[in-house]
Structures are given as structure tokens and as C-alpha cells.
Amino acid sequence: MRKSALILFVLLLGLIAGCGAESETPSPSPSPSASPSPVPATAAAPAVGVTPSGPAACVASPLDFQAEPRIPPVTEDDHVHGPADAPITFIEYADFQ
Amino acid sequence: MYLEDTHGEDIRFVYRHLPLVSIHDKAVITCEAAEAAGAQGKFWEMHDLLYERQQEWGALSGDELNSRLVEYAAELELDAERFSQELEDGVYRDKILADYEEYQEYGTMATPTYVVNNVFYPQLGLHPFVIDGFIRLVQDPPQQYAGAAQVLDPDQGYAATIRTSKGDIVVELATDEAPTNANSFAFLAQEGWYDGLAFFFVQPGAVAFSGDPTNAGSGLVGVNLPYPGYFCGDETSADLTFDEAGVVAMFTGGPNQNNSQFFITYAPQPDFNGQFTIIGRVVEGMDVAESLTPTQPGPGEAAPDVIETILIEER
């Protein structure tokens, strides 16, 4: 199955997915509106074994990251490190537990 | 912190409380502790301390937890009496809970949730190097195409010469078995898409990966991203299998999501049969492929070898 191949790759990758979080494992959150939609409308069932797939086409799927306009702007009430005019603003929503 | 260390003056880091009240019974009180420390100018010190001592205070509850937090305040040379009183009075509680309610409007949020320039970070895993790759994608998105122009003549044979910092790897393209994906690879190569990209994950005896514009391997975990602006369908063939070293295939995290990422095998990989679309085979320069520097994305890893360019020629 494709999934097992993926798992193998992730294992090969070592700890790429696991470490780096400061606190806890994130619960799997789908956040569908926030993520780019990587699945093309024409996605078919995964190939199994060496069953040949049919002819393939390419489907446009722009790498389009939508900004979430409801995120409150950074104010002086926020806890901030780094310059106010930095080109990247990185917000972490977390708790300590 | 990694992102601050690597981005220096380019990054502004903001921390917002998201106390998951339903599953984290000590989330609110510890947020309050950080706020109470912040009121005395030591938010980040308490923030760091709470993460460091998670195991220690996580086992406590009620009065025990409160007194431990006051001890932390004293350790940080805060006015412990004021700190304790503010916790007792719940001075910051309403604000924290109001913010939490507001954040719930975005949908279900896990902790931690990251946001880069108001864009939610997808479920790619939390390795800082992958987050770093996503930041680059948001800041400087790669050229996007609606699809691959037809650049290969179906009646011709083609070779792709992957010119790397270690030498040339020549790949005979499987134009018969994988016409769409071989063409897409050739199209992207001719557009210069691969120029400068790294073999960011090289595991001797297994595989070498490239073609991710973030060089982070973010497509290897969680969400699969359509880096060039399109996905191509799978073209697996019973005639072409992962039966030896030197097989070149597109990497995809899901069905029919072939993008720009590809890999070269260093050994037979029968588990991959039917999973990944083979686009060719190394016919020259396997020694070059095997000399690629073993590495993986992450701080402290060896600097990866780089693709200078990929040339497509009839053969």
C-alpha cells in the first residue's frame, strides 16, 4: 500500500515529523479551510501492487496559501520577540501543558 | 530558538495563549502564571521555565501547583506576593478565556498551531527545518504552472543529464511507460525548476531525494504540496519495477499527486512497486549518484549536494 511506503520514508527521515514541538504532540486537526487543498478533484483510488495505472493527465493545483483575515493583528498586548518590521511574523498558539 | 537563530532580524515571533480547557486541566492557570510574570516584565522567562519544568508541575494540582508556580516566580526574582495575589484573584483569567473563545472561530485548533504571515501552517510535522521550508514557500513562492507543456516527442528517446556538484547522472527517460510524468519532469527541467535544488535527503543503501523547492522534505510528511502548481496522475507499469539500484521515480505523498519531487534508488525497493511512478533509469553516473553526500533536513546535518541544472537531450 502507498501508505506503508510513506511510512518507510518517514522512518528513513528519522525524526523529521516528531521533534521540534516545544510541548506536546499536536492532536490531528484537519483545519480544512486553512490548509492548501492538495487533493485534485480527479484523485482516484491508490494503485495496488504492480497493477498498471491508466493514462495520466496533469491537473492544475495552484500552491495558494490563503491568509486568514480573522487573525487579530499583532498589538502591544501581544508577547513578541523580534523587530516590528520583520518580513515574517510567526505566531504560535499554544498552552504549556 | 531555531527559527530566530536562523532568520535573525527577519522574523517576529508572537506567542498567544490557546489553553485547551477541555483536555488540559492546568492550561489556564499556567497561562495566568505567564501573564502574571509578564506583568512584571518576565513573560518569556516564565514561558521558558514552564516548558522546561513541564514534567515537574504537570504532576501537581490545586494548591500544590499554585505554590509551585509561586516558587517559580520567586526563582525568577519576581515579586512573589503580587504574583500569588494575581493568580488568586484571577486577574488575567477572563482575558485568556476570551481570546481562547475568539480563536475557536477559526475552527478546531490543536496546540501548538503555527501561523506564518497569517497563513496557517499545514500538518507537515513540527520539525523546525520543515517549518522553515514552509516559511520560504509563503515568502517566496516558486514559479507556478497550470500544467506541463508537451516538450517530449512521443516517438523519440530522451536522456536527462542531472548535473550535480559531484558530477553528471544520466537518466534514460521512460517515455513509453510514463509519458506524462517523464514529460513533466523534462518540462520542469527545461524551465530551470531544478536548478539549485538540493539532494536534501540521501540515505546510502536506500534512496536520494530532490525536487522540493524548500529543500526541507516537507512533501515527505503530512500534506503533499503541488509545488509547481499542478499534480500529475500516477503512471505505474508492470513492465517497470523497483528491481535494482538506479531507478528514478517521482515522489508523491498520495495518489495522483506527482509534483516536482523525485528520487533515485540505491537498491531494489519492491515495496515501492505500484506506489511511485518510475520515470527512468540511471544509465551513466551511478557512481556519482552513490557519491552524493548522505544527509537529511535538519540542523547539524551535512550540507547537501546541489543540482546545477538538468539537461534534456534526444538519444
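Is B:V207 buried or exposed? I started my notebook with that one. I counted 24 C-beta neighbours inside 10 Å of B:V207, so it goes down as buried; the cut-off for buried is 20 or more. A reminder to myself: this is a predicted model.

**Entry 1: around B:V207**

I looked up where B:V207 sits, and it is in strand β7 of chain B, which covers residues 207-210. Next I wanted its contacts, leaving out residues up to four places away in sequence. B:V207 touches B:F263, B:I264, B:T265 and B:Y266. I also checked B:V248. It is 41 residues from B:V207 in sequence, yet the two C-alpha atoms are 9.7 Å apart in space.

**Entry 2: α2 against α6 in chain B**

Two packed helices are described by the angle between their axes and the distance between the axes. I looked up both for helix α2 (residues 27-38) and helix α6 (residues 80-89) of chain B: the angle is about 135° and the axes are 10 Å apart. That angle makes α2(B) oblique to α6(B). I noted the crossing of α2(B) past α6(B) as right-handed.

Which residues meet here? From α2(B) I listed B:E32, B:A33, B:A36 and B:A37, and from α6(B) I listed B:F83, B:E86 and B:L87. Sorting the residues of this contact gave me five nonpolar, two charged and no polar.

**Entry 3: α5 against α6 in chain B**

Helix α6(B) turns up again, this time with α5(B) as its partner. Their angle is about 145°, and I found 9 Å between the axes. This crossing is right-handed.

On the α5(B) side I wrote down B:N66, B:L69, B:V70, B:A73 and B:A74. They meet B:A80, B:F83, B:S84 and B:L87 of α6(B).

**Entry 4: helix α8 of chain B**

At 1.5 Å a residue, its twelve residues should span 16 Å, and the end C-alpha atoms are 16 Å apart, so the check agrees.

Then I went through α8(B) for burial. The buried residues are B:F129, B:V130, B:I131, B:D132, B:G133, B:F134, B:I135 and B:L137. What covers them? The cover includes α1 (2-7) and β2 (113-116) of chain B, and also β3 (88-94) of chain A.

**Entry 5: a quick look at chain A**

Chain A has one helix and three strands, and along the sequence they come in the pattern α-β-β-β. Of its 97 residues, 22% are buried.

B:P112 is in the loop between α7 (93-104) and β2 of chain B.

I also looked for positive phi in residues other than glycine. B:E77 has phi near 60°, and I located B:E77 in the loop between α5 (62-75) and α6 of chain B. With 10 other C-beta atoms within 10 Å, B:E77 is exposed, because the limit for exposed is 12 or fewer.

B:N118 has a positive phi too, near 70°. I placed B:N118 in the loop between β2 and β3 (119-120) of chain B. Its 16 C-beta neighbours inside 10 Å mean that B:N118 counts as partly exposed.

Terms used:
Residues are numbered from 1 along each chain as its sequence is written. Chains are lettered from A and ligands numbered from 1 in the order in which they are written. This is a predicted model: local features need pLDDT of at least 70, side-chain atom pairs count only at pLDDT 80 or more; totals for chains, interfaces and linings use all residues. Axes are lines fitted to C-alpha atoms, for helices over the stretch in contact, and angles run from 0 to 180 degrees between N-to-C directions. Helices (H or I, at least four residues) and strands (E, at least two) are DSSP runs, numbered from the N terminus. Angles under 35 degrees count as roughly parallel, over 145 as roughly antiparallel, 65 to 115 as roughly perpendicular and the rest as oblique. A crossing is left-handed if the near helix is turned anticlockwise from the far one by less than a right angle, and right-handed if clockwise. Two residues are in contact if their C-beta atoms, placed from the backbone, lie within 7 Å. Ala, Val, Leu, Ile, Met, Phe, Trp, Tyr, Cys and Pro count as nonpolar, Asp, Glu, Lys and Arg as charged, and the others, Gly among them, as polar. The expected span of a helix is 1.5 Å times one less than its number of residues.
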